[in-house]
Amino acid sequence: MDWSAIELSLRLSTLTMLLLLILGLPLASWLAFSQWRWKFCVEAVVTLPIVLPPTVLGFYVLIAIGPHSPIGQIYAAITGRGLPFSFQGLLIASVLYSLPFAVQPFTAAISTVDQRLIEASWCLGRGWLGTFLRVTLPLAWPGILTGMVLSFAHTLGEFGVVLMIGGDLAGVTRTISISIFDQVQALDYGAAHQTALALLLFSFLVLAITYGLQRRVIAVWPPR
Amino acid sequence: MAAALILRFRKRFPKGALIDAELQVRLDPPSVTVLFGPSGAGKTTILRAIAGLERSPNCVIHFGRETWADDNNGVFVPPQRRRIGFLFQDYALFSHLTVAGNIRYGLGGLSANEQQLRTSELLERFQLQDLAARHPHQLSGGQKQRVALARTLAPQPRLLLLDEPLSALDGPTREALRGELRNLLSSLSIPVLLVTHDRMEALALGDEIAIVNEGRIVQHGLIEEVFRRPLTPAIAKIVAVETVQRARVLQADEELVTIAVGEARLIAAARDFPSDAKEAFVCIRAEDVLLLKRIETISASARNRLPGIVKSLIHEGPMWRIELDCGFPLKALLTRQACEELALRESDRVLAMIKATNVHLISRST
């Protein structure tokens, strides 16, 4: 089994999940409470990665972080390296690719919290952040957990975007799904089967434990 | 000028409802002001505006010397810094916190020790010690109400806003807690604004009353005064004056006004009734109508003695509501005992007695 690919995939998924927690919660709160009339545009953009082919997303991310782009140039000036075909570049693409899988459940969970509880908290002197941490988060945690698990599992299984952004560099960008692809290409079916089964079982276990803990399935796409 | 809460709030809601309210409430000595009116009149919105939960570009709120909202000067004090207590209609308890956790929630500014002390003080005062570790879903309606009150009072608010404090309770609990709440409110020495659409609740809890109708405050005064002397027929309907009839003015002097109602004549105390008015609405509360069966037992103090016929008797808890025909439809309210003594039956002939001071006139020219 390709242990370095497994380690890399787990590292990428964990970091993506944590970044999405940090970026996704403010975005989801805004989506849940904002009255802005153009909010639907933001919702559409957040959801795009679900419908776009990974190659399209990967292509534009590649251009956006490439050596000729402002982002790529700033990154190169600071670190002396390029983003494409690096772990960092892969992380940026993964965060974008899994964005809806975190933000949709977060938003659904946050918007189910009774607005009056939030107002009660304000009247009891707690500010916006205090209210979020003490009322919104504890009441919305099942949906937030769902979002974290889904973004983790989705990153673990991503293939097309990794291929576009990361290439296939052992220990740097060769994730578990790329490794399986390589093994099949080399007609090493035994190894491919081993890795594929391990990924299948692991993904199933993570989801089963999460849903089991919640004892109810929180839909990824709840009706609004 | 004595310290007062002054509110001017105007807001049009997307569905077309317009709130355009002006209210001034004396803060010292503290009293209980009831916002009373039909559902959907805008009572809760006015309360929320005072709390800072409802904003509008046309809103001015002064609390004593403080300005809480004044959009001309860009002033808006958020709810967190108004130091008010807001009791929500369904109590809005935090379901993930225990009773003690709910009460302690608003004590963020105190040290851990002081929080502990204040929380146990409130648990004791509201007899919640045994429930301190419970969660809201394990409580009865009355217990939830006590927790919500304790939580609201914990940070020692300067103004208490109660939105239908008893409406989430079932009948018997509501009646029991009405008295408790009255005692609590009078022991607090905090000004209170209370929203209700229940007449009994308003009478039991309020000192003053502000009638809210279609987004406006249409009458504000002492509760007895407003219930007996509504300014318009619409207000008479809101405060449920049982008899409201059109009347013609026959004769008016400085003290008394004689009117014709249907086929009957009534004498009313003139008060502020304009002497040149020709048409009026007459309002008579059912509890102010005294019924007699025999002519010889006339009480001298009642100016109006109207012979009439009992049309129907309706049983209403401890009271009987009696509909009479005295030349115009008149309603009376009698205790069961009084009703039995008179041995009233349908189509009995009776004499209805009404004091002139209890006949309220609304001029129709205004």
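These notebook entries record what I looked up in a predicted model with chains A and B.

**Conventions**

I noted that residues are numbered from 1 along each chain as its sequence is written, and that chains are lettered from A and ligands numbered from 1 in the order in which they are written. Because the model is predicted, local features need pLDDT of at least 70 and side-chain atom pairs count only at pLDDT 80 or more, while totals for chains, interfaces and linings use all residues.

**Entry 1: chain B as a whole**

I began with the secondary structure of chain B, which comes to nine helices and 21 strands. Helices (H or I, at least four residues) and strands (E, at least two) are DSSP runs, numbered from the N terminus. The C-alpha atoms of chain B fill a box of roughly 75 × 50 × 40 Å along the principal axes.

I then looked up burial. A residue is buried if 20 or more other C-beta atoms lie within 10 Å of its own, exposed if 12 or fewer, and partly exposed in between, with C-beta atoms placed from the backbone. Of the 366 residues in chain B, 39% are buried.

For contacts, the C-beta atoms of two residues, placed from the backbone, must lie within 7 Å. Among the contacts in chain B with a separation of 6 or more, 65% are between residues 24 or more positions apart.

**Entry 2**

Two strands pair if DSSP finds at least two bridges between them. One bridge places B:Arg8 with B:Glu22 of E2(B). The two strands E1(B) and E2(B) form a hairpin with five residues between them, and B:Gly16 in the turn has a positive phi of about 110°.

Which residues of E2(B) form the covered face? On strand E2 (residues 18–26) of chain B they are B:Ile19, B:Ala21, B:Leu23 and B:Val25. The uncovered face holds B:Leu18, B:Asp20, B:Glu22, B:Gln24 and B:Arg26.

**Entry 2: a sheet in chain B**

I traced an open sheet of five strands in chain B, with the order E14-E13-E12-E15-E21 and antiparallel pairing. Its edge strands, each pairing on one side only, are E14 (264–269) and E21 (360–363) of chain B. Within the sheet, strand E12 (residues 243–252) and strand E13 (residues 256–261) of chain B are joined by four bridges. Here B:Val249 stands opposite B:Ile259 in E13(B).

**Entry 3: domains and nonpolar cores**

Chain B is divided into domain 1 (4–233) and domain 2 (241–363); such bounds come from an automatic or database domain assignment. The C-alpha centres of these two domains of chain B lie 38 Å apart. Their contact takes six residues from domain 1 of chain B and seven residues from domain 2 of chain B.

I next looked for nonpolar cores, each being a set of buried Ala, Val, Leu, Ile, Met, Phe, Trp, Tyr and Cys residues joined through C-beta atoms within 7 Å. The largest has 109 residues, and those touching the most other members are B:Leu35, B:Ile46, B:Leu161, B:Ile211, B:Val282 and B:Ala352. Both domain 1 and domain 2 of chain B give residues to this core, so it lies between them. Leaving out residues up to four places away in sequence, B:Ile46 touches residues including B:Ile19, B:Ala21 and B:Leu23.

**Entry 4: where chain A meets chain B**

How many residues does each chain give to the contact? Chain A and chain B give 14 residues each. On the side of chain A, helix H6 (115–123) and helix H7 (128–156) are the elements that give two or more residues. The largest share, six residues, comes from H6(A).

I listed the buried residues of H6(A) as A:Ile118, A:Ala120, A:Ser121, A:Trp122 and A:Cys123. Their cover includes H7 of chain A together with helix H1 (43–51) and strand E7 (84–87) of chain B. Just after H6(A), A:Gly125 takes a positive phi of about 95°.

Is A:Ile144 buried or exposed? A:Ile144, in helix H7 of chain A, counts as buried because it has 21 C-beta neighbours inside 10 Å. Leaving aside neighbours within four places in sequence, A:Ile144 is in contact with A:Phe106 and A:Ala109.

I also looked up A:Ile50, which lies in helix H2 (residues 39–51) of chain A. A:Ile50 has 14 C-beta neighbours inside 10 Å and therefore counts as partly exposed.
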